[in-house]
Amino acid sequence: EIPTAEVAVDDLLLVRPGARIPVDGIVVAGESDVDESMVTGESLPVHKEPDGEVIGATINTNGTLRVRATKVGADTALAQIVQLVQEAQNSKAPGQQLADRAAFWLVLVALIGGGLTLFGWSLSGAPFATSLLFAITVVVVTCPDALGLATPTAIMVGTGLGAKRGVLFKNAAALEASARIDTVILDKTGTLTKGEREVTDFISDGAPEPEVLALVAALERESEHPLAEAVVRYAEGAGVIELSSTTFENVPGHGAIATVDGHRVVVGNARLMKREQVEAGDLAGTRDELAAGGRTAVMVAVDGLAVAVIGIADAVRETSSVAIRELHDMGIHVVMLTGDNQATADRIAGQLGIDTVIAEVLPQDKANKVKELQEQGKKVAMVGDGVNDAPALALADLGMAIGAGTDVAIETADIVLMRSDPLDVPIAIRIGRGTVRKMRQNLGWAVGYNVIALPIAAGIFEPSLGLKLTPEWAALAMSGSSFLVATNAILLKRLRLPSIEDVGEGRDPSPVERAEAGTTL
């Protein structure tokens, strides 16, 4: 064993069960589940196998891994997260710059006010000691401590609250910008969807569905196509019996053919069915309907007869519908931007309740769409994950990058969503709005305190009401105002944020749940 500080790039590390992974790296050998909750906020352990990436400071739970170091020291994901949070907490938001200018002028007001107080009381014939006492009280009570603390305390609490939820604000300006957002543009693939296929429909034409599904799954297990993987997962979720296939034949671009349990099974597109002289019959309408709805329609034939149609589509993230609902609750207009075809985009939008769909957009045109919305007077946030999203992320009033996205997107964005969860979009905006609200409350209190305290400290009400402050009480009042400002900022931690518990109310059933329920969409 060696200290983590001595680990160099390309070193081969042995990570035992229960040990903390010291640096970022690539798994070379072994399989295990890794607890990444500290870094990504993901509550469930993530399975790792050879060629899988691991993050430093995460915990290896149950297996032995051999990991080759790829990033060490300040280059690791955790170190960069800490740096981002520190930079955000140390940066000055536009509101803080205003507060700094106000504090500067308040110092001048305190000094000038003290001088005028001394001069005024002296002219009134008061003893010099009394005049000096009032002057000192004015200087003490108008010390701009509360004004100086008004925004930094709120920013520190806001960025810390975001970091706990895997939402990293790169700077304080991003916090303020998020509070002004009224339109959110979401990229479809990889943001609202998982970027992987799942079975949405399994429609049989009279044949027993479990038997047909078992035959199809046996064929698809021999295939390496992504659509085949989706069918196998669906079959495993449905709990059908596992059969074996023989004489498997892959037909590139069309489908596959195999013999399963004595039956000739053909799975593929219309061209393959035509080649095999299979008539679609009544299933032709179902196939066309699925295709029109943006799904990939796969025909199934057994012994020369069409028996089923499988609808396959990009899997929607479980939290997407809740994220859209939360955005609507905040009065935010939601736009989905995608290069996919209009039918697929409309299907996803209808499923999630998205307001506007912009489909078939070329990568280089995404930034133009953002600009068009801004020209309409919208304050636009762009959420993306790819290199092609980077120009749009940079142009938007607020750029949010999915943590699992490319380095270019993450570097360009103002906010990084470490959990790659669309639910973190409304979380980021709620934190921004809550932080700005606390900043305004603190500034209002600090200014109001000085407006009230200054004339009392100057002794204006002493002749008529006998109301005056001594320097010690002025110091206590000044400290009290600073304490109230800091306490008010800390109350931001009580902000209600959307959570994974809300997902059960708004999410769509998974393929496994649909299979268990015996339903199709």
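I'll start with the open sheet, which has 7 strands in the order β8-β20-β19-β18-β9-β16-β17, with mixed pairing. Its edge strands are β8, residues 167-169, and β17, residues 356-358, and each of these pairs on one side only. From one strand to the next, the twist averages 20 degrees. Bear in mind that this is a predicted model.

Within the sheet, take β19, residues 398-402, and β20, residues 415-417: they pair in the parallel sense, over 3 bridges. A401 stands opposite V416 in β20.

Lying across part of this sheet is helix α17, residues 424-457.

The buried residues in α4 include S131, F134, A135, T137, V138 and V141. These cover an arc of only 160 degrees around the axis, which means that they sit on the same side of α4. The face turned away from that buried side carries F128 and A129, both exposed.

Next is α19, residues 471-490. Its 20 residues should span 28 Å at 1.5 Å a residue; the end C-alpha atoms are 29 Å apart, which agrees. Buried here are P471, A474, M478, S481, S482, V485, N488 and A489. Because they cover an arc of only 130 degrees around the axis, they fall on the same side of α19. On the other side of α19, the exposed residues are E472, W473, L476 and F483.

How values were computed. Residues numbered from 1 in each chain as written. Predicted model: local features only at pLDDT ≥ 70, side-chain atom pairs only at ≥ 80, totals over all residues. Heavy atoms only, no water. Buried < 20%, exposed > 50% of the residue type's maximum accessible area, 1.4 Å probe, protein only. Helix = DSSP H or I, 4+ residues; strand = E, 2+ residues; numbered from the N terminus. Arc of directions from axis to C-beta. Expected span 1.5 Å × (residues − 1). Pairing = 2+ DSSP bridges. Axes fitted to C-alpha atoms, helices over the stretch in contact; angles between N-to-C directions. Contact = heavy atoms within 4.5 Å.
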